[in-house]
Amino acid sequence: MWRDAWTVAAKDLRIELRSRVGVNQVVPFAVLVLLLFAFALGPDRKALASAAAGLFWLAVLFSAVLAVQRSFAIESADGARDGLRLSGLDPAGIFLGKAAAVVVQLAALEVVVGAGVVVLYGAHMSGVGLVLGASALGTVGIAAAGMAYGAIASGLRVSETLLPLLLLPVVVPVLLAGTKTWDAALTGHLANGMPWLRLLALFAIVYSALGLLAFGPLLEAS
Amino acid sequence: MTEESRTRSGSGAVTALGVAAAMAVAFTVWLGLWVTPPDAFQHNLVRLLYIHPPIAWVTYLALGVTALASALYLWPRTRSAFWDRLAGASAEIGVVFGALTLITGSIWGRPTWGVWWTWDARLTSTALLELLYIGYLALRQVPGSMPGRGKRSAIAALIAFADVPVDHFSVLWWRTLHQAPSVLNADLNPTIHGSMAWTLMLGFIAFTLVYGWLLAMRYRIAAAKDATEDVALAAAVAERRLEGGTAGIVGAKA
């Protein structure tokens, strides 16, 4: 399973390195979202700094929808899906590999968005460890839930419009907990972040387990 | 697919259920609007509370039935189109009653709290639940061939169901970690008048009967629709056969 996961993750990341869809389209989109938030909320740096945590996670969530869509789009061309199904790779391994590739891409995106939040909104990072922990756990949760729903929606003609509707209500706990942990880190009240960090971990575990169980049948179903 | 394409599911039992539901609702309306006295604190607003909790109960019941039916569909031994249709029918009723829950709650909240909406934990998680299942229904609407579509829907229903407690508790924490307990507990004052308690009880029974009747009717429509599709497919296949005499498309039933 782990070897298969490694193979699939390496494949997805190689495709990204060669096509650069994430770098050329998804990352600029995330930065654009940060600018749009500033236009919507006004140029008041204080207001932006106090909302920075939530805006960071919203930008990440919107970008994650695109990343998941891209991750399944590369399987839809030229019957790649059938190839994947017939390859004899463990479905759980495929799930882990694709999720890992999305995690890596989102992590790179979060570095850019995080820097954007600091520079544009004047957010002050006082608890770097908490920020990194929350981001890592939240990203794993988003990627796992995204893979499960991506597999449900992929192959359907309406998948572009359906995926956000299915995925976003489910990842609300990540948005809430991620925002709270980041808030705690930005304001320096690190202890407030701990229960939320645990919630992020729980979410990541639950959705990784669900994805591992469901991915095989979903791959067969479509 | 339609091993049980019953044409007469508007059978005696369902009709009896419908009549019982209608009578129970009528009786609830009569008790709620005329017999019970106005509340000491909430005056006539209390009458909304005879239907709001029963409607909310039906929402959760319906979505629970959807999860159960989806699990039974996924279980290989009990897999049949029956569970798939039941899950879809129940989810549809659940979403309608969920919307009614939010609407009746909002109507009650406006005079009581002075606002149509408040970011209370229970309100927020009910709204999220509603959107979660609207997504599920949207997924069900997507056309597709049957075994795949059923499996996909059932898995989506179970993942959504797994999310209900996570959503609920995270929203609960979100609202209560920095705020006094929810205002919703003011609902039921401890000294509840005898006829009021009976009316509320009857409300629960009435709306559960309504749910059962709607479920039977909605199931019947779903089964009829599947049967129509099968008939249309068989007719199309027969037509092609007559046209070309080619036997190459026999496998088209899938």
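Trainee: What makes Arg240(B) and Glu239(B) a salt bridge?

Mentor: In this predicted model, where local features need pLDDT of at least 70, side-chain atom pairs count only at pLDDT 80 or more, and totals for chains, interfaces and linings use all residues, side-chain values use heavy atoms, with hydrogens and water left out. Residues are numbered from 1 along each chain as its sequence is written, while chains are lettered from A and ligands numbered from 1 in the order in which they are written. A salt bridge is a side-chain nitrogen of Lys or Arg within 4 Å of a carboxyl oxygen of Asp or Glu, and the closest N and O atoms of Arg240(B) and Glu239(B) are 3.9 Å apart, so the pair meets that definition.

Trainee: Why is Glu243(B) called exposed?

Mentor: Buried means under 20% relative accessible area, exposed over 50%, and partly exposed in between (1.4 Å probe, protein chains only); Glu243(B) has 61% relative accessibility and therefore counts as exposed. Arg240(B), at 40%, is partly exposed, and these two residues also form a salt bridge, with their closest N and O atoms 3.7 Å apart.

Trainee: How do you know that Lys11(A) forms a salt bridge with Glu75(A)?

Mentor: Their closest N and O atoms are 2.6 Å apart, which is within the 4 Å of the definition. Lys11(A) lies in helix α1 and Glu75(A) in helix α3 of chain A, so the pair ties together parts that are 64 residues apart in sequence; helices here are DSSP runs (H or I, at least four residues), numbered from the N terminus.

Trainee: Is Glu75(A) buried or exposed?

Mentor: With a relative accessible area of 4%, Glu75(A) is buried.

Key
Helices (H or I, at least four residues) and strands (E, at least two) are DSSP runs, numbered from the N terminus.
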